[in-house]
Amino acid sequence: MAISLDLITGAISFLFTLLILSYVIGDNPLFKIGTYIFVGVSAGFIAAIAVWQVVIPRLVSPLISTSVSITEKGLLLVPLLGALLLIMKISPRLSGMGRIVMAFLTGVGAAVTIAGALTGTLMPQVMGTINAFDMAPYQGNAGLLLESITNGAIVLFGTIFTLSYFHFGARPRADGSMRRLGLIEIFAWVGRVFIGITLGAIFAGVYAAALTALIERLSSLINFIGNFL
Amino acid sequence: MRVITVFIAVVSGLLVLSGYFLTGFFPVLADVQTLLLNWAIILMGVAALVGIFNLITVHTDKIRRRETGSFYSAILVFFLLGTFFLGLILRPEHGLMGVVMNGIIIPVEAALMGLLSISLLYAAIRLLRRRADMMSVIFLIVAALVMLGSATLPFVNLPILGITSRWITQVLALGGARGILIGVALGTLMTGLRVLFGVDRPYGGN
Amino acid sequence: MKSDEPAAADAGLPAWLSGIPDAAPVEPVENENAAPADDLELGDIPSWLKAAAPHSSIFGETAQEPAVEPAPSFDAPADSADWLNTFKSIDTPQAPAFAMDEPVEAAPAPPAFVPDSQSGENMDSLFTDMPDWLSGSVDLPAANPAPTPMTNSDVLAAGELPAWVQAMRPVDTGVSQLSSTLLSSDQTLESRGALAGLQGVLPAAPGYAPTSKPKAYSIKLQASEEQQMHAALLEQILAAEAEPVPIASYSALRTSRSLRWVIAFLLLTIITSVLAMRTQIFTMPVGNTLDINGALNAIGSIPEGSPVLVMFDYEPARVGEMEVAAAPVFDQMLLLRHPRLTFISTNESGAILAERFITGPLAGHGYESGIRYLNLGYLPGGQMGIRAFAQNPSVSAPYAFSQSANLFSTTLTPAWTLPPLEGVTSLSQFTALILITDNADSARAWIEQTTSARGTLPFVVISSAQAAPMIQPYYTSQQISGLVSGLYGGAVYEQNNAGRPGTARTYWDAYSIGMLLAMALILGGGLWNLALGLRDRAAAREAK
């Protein structure tokens, strides 16, 4: 195998995989070195991306370009000023100035999430729960119709019970304790079961993802060694 | 300062929000929204740089004070600056940056993820010793059934396993997932409205 | 201190003092009222006070008959303590304890004994007749002659004082006054007490004298019972807070390193063996699910050579899983539809991962950057960036993530004039959207923010297995067209790809063994730990 960029990449990859997998025998300096190098490299990479993909093309280049109109350049002075205010956050004395930018980002972010949650999740999901009972596609097939209604009902009740679990309105009792209404309490209890099922499915998914990552790493180790055999 | 920050947050938020719903009446709001969002994009990029500078500061302070683990901090700062300047000179899309990504970042992250499988399995086995209640039992049984359904057996095919697993994930778990999604959306809505009404000021305008 | 209390008993005397009467040649006292009868009565008086008192036994002289009767204005009761009697005037002025060549200057220190202002006129005569050591402490009249210098003949006999007192007194040791004068700037000479003869040991502010008796302040805290109760309650609360409370549910939890090692050993050994042997004994999963069918249909509906937007939103950690799941989808699409691909990512490393994907698993298709595909790079801002891109993609991502041959070159390549994006100016002009993500939040953001802009465009999500349960509701609500999740989804899709080999098959045996092993360990180990937990809890209940 000739020494190439691929071989160098493979060797480095092999080394770092072993450094990290050494954690199996316990926390050790090799593992620490590997993780610290990784954090440093990742942060440096992100910084380079931020410069080349954000600052230069969206701020610096348009400001120095001759093909950009004066109006556009003038509008870019606002984020330029904002960037300077953000940089002031580095200094403890001037960090308060960064609040203006943070306020802007928070306001814009809140608006975007409100609109997204309302139009992209809340209304479509409610409609999706209702549409599960649409019988039109199953007309003439009693088995499928029954299955569809059953599944739709399970999803509907699962959704309602789960939402009941997140309902925290309570009334004080004679003994001073706070309890939910009786019906809500029962719904919430069933909701816990549904949440448990969902979390169980998510756990299996997380394990599957982690297992695939482990398989991919072990496979790469075997393949690298295989190059020399 | 407080009045200014609240004013900026509320006005910018309302302008962007109206860009979603009122562009039919005021088409200019779409342009305003795009402008504000592009400003936000630029500022988010700069914020990432400020965050990384803060990381450097923290670790250089540790090195200067010769705290425990300052050796590791020195390694971190060295590789951070090295990668940054390499990326700055060569650009991130250069082949050498590909070596950095494929040789260090991907292997380390994937290996850490692989280690997670051991930890997850360990935690699941020990769960019932820690708390043996109905929720834990349901959680583990569902996890085990979904795992069983996600695999196949040697030489034989048992479709029932896959069907059961899929029914759990696509029907039973769907109810809980949808409930969680709607709950999250409602929570997001309330939090966002509190910010837009100036009730919550997470940007520090107390 | 009252002399009549301990003076009667020898037992009350210090050993060194009890021996004094025998050692000193004391003559019998003729007048009982004149002075204490013997040293026994001074048993509790410290030596320095004895030295100060004009007692005959101290100075080795017989007490003389007092020339002046104690003034009645002194208000000394008839049965006053004997030691007070020692302050009665004597006819012979007492000499200083040591001889001096020059008269001793009166110390400016506060007087040790201040007469009552209401005392009678005889007070003057009383104090003029007082011994020198005492009169020296009060303001002497101007006409008062200087005290008579005493000679060394008046010094105490060595045997009359304990050794430690002798050691303290410079009189007999003959310490040079010069040395102390040189060493200390304070010229005040102590004229009485154990420190007599020492210079500058008790510096005093010249001219300072208290004008009134200092007030007595109580050091006892003035607190009511209620306040004390509150304080006690607060103490109790604080003590309870500081006391560590053992958490019952965590008491039995100790990390079992051996169990961890067993799990690690099993997983690593079995998976490595299976991968190394390249076994393919496990059957591939059969039967398309609805969501995978949806993906197949959406991919199949893409027009030939049309622009497709692909969002790479996953972390490098899941590159293995995502490439395995996405490769058969793209392989089929590129093979059958030859789309023009445009990549974008809200993840910083997404752009590089996109390049890795197109030049790795899809390398066989020969897609070239700028001709068949285009990488728009990193889109910052999360949901804000996605919304901006959905509204106006050419403004939000104007440049291509292309390689530049020149170092330090800031030249940027405009993206929207290149062939892959020909005829595209808005999101709705793409023919399909494909999101590759490992994160349910990322999927939610793309689904939410592109809702209005994409209209009815086919939207396929290729996700990690961990995000699938939270993305599934978007499929059933028909907000996305199809969902391929994890290695399982990739394996199912791979079987719909005209039998073309894929990585899913390579990994499948190891994956299946890993999943079955996990299931067995969770059920078996779970039951075992359940039994252990019940045993621990029963033992804890019994212990209580």
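User: How many salt bridges does the rule find across the interface of chain A and chain B?
Analyst: This is a predicted model, and across the interface of chain A and chain B the rule finds 0 salt bridges. What the rule does find there is polar contact, in 9 residue pairs, with both residues of each pair at pLDDT 80 or more.

User: Okay, and which helices of chain A supply residues to the side that touches chain B?
Analyst: At least two residues each come from α1 (5-21), α2 (29-64), α3 (70-87), α4 (98-131), α5 (142-165) and α6 (182-226) of chain A. The one that gives the most is α2(A), with 26 residues.

User: What classes of residue are on that side of chain A?
Analyst: The side of chain A that touches chain B has 71 nonpolar residues, together with 24 polar and 6 charged ones.

User: How much area do chain A and chain B bury between them?
Analyst: They bury about 9,200 Å² between them, and 87% of that is on carbon and sulfur atoms. The contact takes 101 residues from chain A and 100 residues from chain B.

User: Now chain C: what is the area buried between chain A and chain C?
Analyst: It is about 3,900 Å², with carbon and sulfur atoms giving 71% of it, and the contact takes 44 residues from chain A and 53 residues from chain C. Between these two chains the rule again gives 0 salt bridges, while the count of residue pairs in polar contact is 12, both residues being at pLDDT 80 or more.

User: Which helix of chain A has the largest share of the side that touches chain C?
Analyst: That is α6(A), from which 20 residues come, and each of α2, α4 and α6 of chain A supplies at least two residues of that side. By class, the residues there divide into 27 nonpolar, 15 polar and 2 charged.

User: Switching topic, what order do the strands have in the open sheet of chain C?
Analyst: The sheet has 6 strands in the order β3-β2-β1-β4-β5-β6, and their pairing is parallel. At the edges are β3 (373-378) and β6 (482-485) of chain C, each of which pairs on one side only, and the twist from one strand to the next averages 15 degrees.

User: Over how many bridges do β4 and β5 of chain C pair?
Analyst: Strand β4 (residues 432-437) and strand β5 (residues 459-463) of chain C pair over 5 bridges in the parallel sense, and C:I434 has C:V460 in β5(C) as its bridge partner.

User: And which strands of chain C does helix α14 touch?
Analyst: Helix α14 (residues 290-300) of chain C packs on the sheet and touches β4, β5 and β6 of that chain, with its direction at about 115 degrees to that of β6(C). Helix α22 (residues 486-494) of chain C also packs on the sheet, where it touches β5 and β6.

Notes:
Residues are numbered from 1 along each chain as its sequence is written. Chains are lettered from A and ligands numbered from 1 in the order in which they are written. This is a predicted model: local features need pLDDT of at least 70, side-chain atom pairs count only at pLDDT 80 or more; totals for chains, interfaces and linings use all residues. Side-chain values use heavy atoms; hydrogens and water are left out. Contact means heavy atoms within 4.5 Å. Buried area is the accessible area (1.4 Å probe) that two parts lose on being put together, summed over both. A salt bridge is a side-chain nitrogen of Lys or Arg within 4 Å of a carboxyl oxygen of Asp or Glu. A polar contact is a pair of N or O atoms within 3.5 Å; within protein, one must be able to donate a hydrogen and the other to accept it, and residues adjacent in sequence count only if both atoms are side-chain atoms. Helices (H or I, at least four residues) and strands (E, at least two) are DSSP runs, numbered from the N terminus. Ala, Val, Leu, Ile, Met, Phe, Trp, Tyr, Cys and Pro count as nonpolar, Asp, Glu, Lys and Arg as charged, and the others, Gly among them, as polar. Two strands pair if DSSP finds at least two bridges between them. Axes are lines fitted to C-alpha atoms, for helices over the stretch in contact, and angles run from 0 to 180 degrees between N-to-C directions.
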